[in-house]
Amino acid sequence: MRTPLIRWMSALLITLVLVPQMLPAEETEVPPAVEFTDEVNVTIANIDVYVRDREGNPVTGLGRDDFVLTMNGVRQEISHFAALTEEVIESRLEPGVPGAVPAPASEDFGDGREVSEVIRPTWVVLYIDNENLHPIDRTRVVRRVREFVAENLKPPVQMMVVAYQGSLKVIQDFTDDPRAVNQSLRSLSKYSGGWISRESARAELVNEMREVVSSDHGRDTETRGKKERMYQQIMGLAREEADSLSRSLVALRHTIETLSGLHGRKALIYVSNGLPMTPGLGLMHEYAAVFHDNTIMAARSRFDQQRQYRSLTSLASGQEVIIHTLSAEGLDVSFGGDASSAYGVDPTASQVGASNFLGSMRFMANQTGGIAIVNTNDPTEGLIKIRDDLFTFYSLGFRVGTTHEDRIHKIQVELPGVRGVDVRYRKRFVEKSLETRIQDRVMTALVIDLDDNPMNLRVTRGATAPATDERWTVPVEISVPYEELTMVPEGDDLVAHLVLYVGARSSDGRQSDVQRQIHEVRAPAAARDSWQDGRFTITAQFLMKEGSHQVVVGLLDSLPRQASYATVNLSVP
């Protein structure tokens, strides 16, 4: 029995050929049919709500009845409620355990029921965008971030350090050791990305326009030629800025996708000098002000990137990731036409240019329920607010039925009887199918080690062989014990249905999409005694480039809806 499968998987996995293991035949008694009962699954969705007063301080002491939660405009019963503070969290953590495994605690919900409540782990990614960060600003801001880490990294919080510097790199895996995190932050101090060169190009162009302002404002032929050349330069810089932004947003998306399979609360702290909402916008306004020519503003819609930002924040909300943003730019003093301003000499153009980069930081935070730390030389106050979010919040749980489809729901939380407070929460809840959740777990396991293998799934490699000048064939065996599979009678056979998910990531950060393959396991029921103690094996042939790769396999047994995951590291050749 041979079933070929060909899959294309980015530049990492090109061909994947699966060959199921042959089973011997032997006459034995056919086992009785398997009996099933109906089962209704209910999922508890959690929405974390941050209630703050006008000064940004946490508001505590509220109860379940103070909150009104609606989904798609329909009020939901809050079946689970917890008011979390730092003291409550510490009291519920298992004492004396490294990493502090959360311990259950009972909550009385007022109707005679007691529901087991646990402190969910909190995963925080420190994302240092070195490609969009001035080294001097980085030194100032990261110093404050290190203080934040030293004071606040403790269970149930786990932190990871990620740097974007041409490619996405994990500098420090998740840990609750503040010394390890801060050491990794210090290691980033030597990198200089593209921010300086882009700022230099903008400044040179602004200086040229200043020279025009001080001459005859475009009355002679020579100046008109300069004007046309500067127009083309602005368009060229806008295109370069758009390309750079696109790569930056892709890296952010990959990071968010990596967190998708983690259970618990998730946050990303994004540190940069800002990203443009509309590449080249400040220079366009400067040009219009200098030459009294607004025709250049017609190009604004062509470069507008709001759709890409909405896609990013929708992804973050769907993966339950809050984005906090920290602008390293500092307090903007250029609105008065400072001669050193990279945004120009016209006050309006200067303000537009600065707001263009800060607007993205505010947008990403606002759309995901996060905090934007902008327009300040000292981010300490903002970091304190992020700290409050880690340890002081309300958890509202409500029941949703399981579905075989992915659905997006609009969430609204109100406090009708409470005045003078600011309420933040994620505005969307994504109800995910089991298949989507498995794909999320595979994506996460490409970067973060997951111990989730109840079916004793095993992945082993064979001998590598050359295939082309640049690629190698790597045989891999994927196996699972027959006794772990739910096999049901079908004619003279016993049958199980499996879904295989495979993803790969190279050591330089290139990552494949997760590939999915439906597979049937069929074996003669009469020969059950001869194979039931063995393993069902699939042989996969990976065509890979030279280098180090991590391959993650997820396997779903469709009938009981049980999944298992395993990882293999491949060094090629």
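This is a predicted model: local features need pLDDT of at least 70, side-chain atom pairs count only at pLDDT 80 or more; totals for chains, interfaces and linings use all residues.

Me: Why is Asp 388 called buried?

Reply: Buried means under 20% relative accessible area, exposed means over 50%, and partly exposed lies in between (1.4 Å probe, protein chains only). Asp 388 has a relative accessible area of 12%, and is therefore buried. Asp 388 is found in helix α10 (residues 380-391); helices (H or I, at least four residues) and strands (E, at least two) are DSSP runs, numbered from the N terminus. Asp 388 touches Arg 52, Gly 56 and Pro 58, not counting residues up to four places away in sequence, where contact means heavy atoms within 4.5 Å.

Me: Why is His 292 called exposed?

Reply: The relative accessible area of His 292 is 70%, so this residue is exposed. His 292 lies in the loop between α6 and α7 (300-303). Its phi is near 50 degrees, a positive value in a residue other than glycine. Most residues other than glycine have a negative phi.

Me: Why is Asn 456 called partly exposed?

Reply: Asn 456 has a relative accessible area of 38%, and is therefore partly exposed. Asn 456 also has a positive phi, of about 60 degrees, although it is not a glycine. Its place is the loop between α11 (434-445) and β18 (458-461).

Me: Why are α2 and α10 called roughly parallel?

Reply: Angles run from 0 to 180 degrees between N-to-C directions, and axes are lines fitted to C-alpha atoms, for helices over the stretch in contact. Angles under 35 degrees count as roughly parallel, over 145 as roughly antiparallel, 65 to 115 as roughly perpendicular and the rest as oblique. Helix α2 (residues 135-152) and α10 pack at an angle of about 30 degrees, with their axes 10 Å apart. The two helices are therefore roughly parallel to each other. Residues in the contact include Phe 148 of α2 and Leu 390 of α10.

Me: What makes β8 and β9 a pair of strands?

Reply: Two strands pair if DSSP finds at least two bridges between them. Eight bridges join β8 (residues 122-129) to β9 (residues 157-164), and these strands run parallel. The bridge partner of Tyr 127 in β9 is Val 162. Both strands belong to an open sheet of six strands, in the order β10-β9-β8-β11-β12-β13, with mixed pairing. The edge strands, β10 (168-175) and β13 (372-373), each pair on one side only.

Me: Which residues touch the most other members of the largest nonpolar core?

Reply: A nonpolar core is a set of buried Ala, Val, Leu, Ile, Met, Phe, Trp, Tyr and Cys residues joined through side-chain atoms within 4.5 Å. The largest one has 45 residues, of which Tyr 127, Leu 268 and Met 364 touch the most other members. A second, separate core of 36 residues includes Tyr 50, Leu 84, Val 149 and Leu 390.

Me: How is the peptide bond between Pro 155 and Pro 156 described?

Reply: That bond is cis, with omega about 10 degrees, and Pro 156 is in the loop between α2 and β9.

How values were computed
Residues are numbered from 1 along each chain as its sequence is written. Side-chain values use heavy atoms; hydrogens and water are left out.
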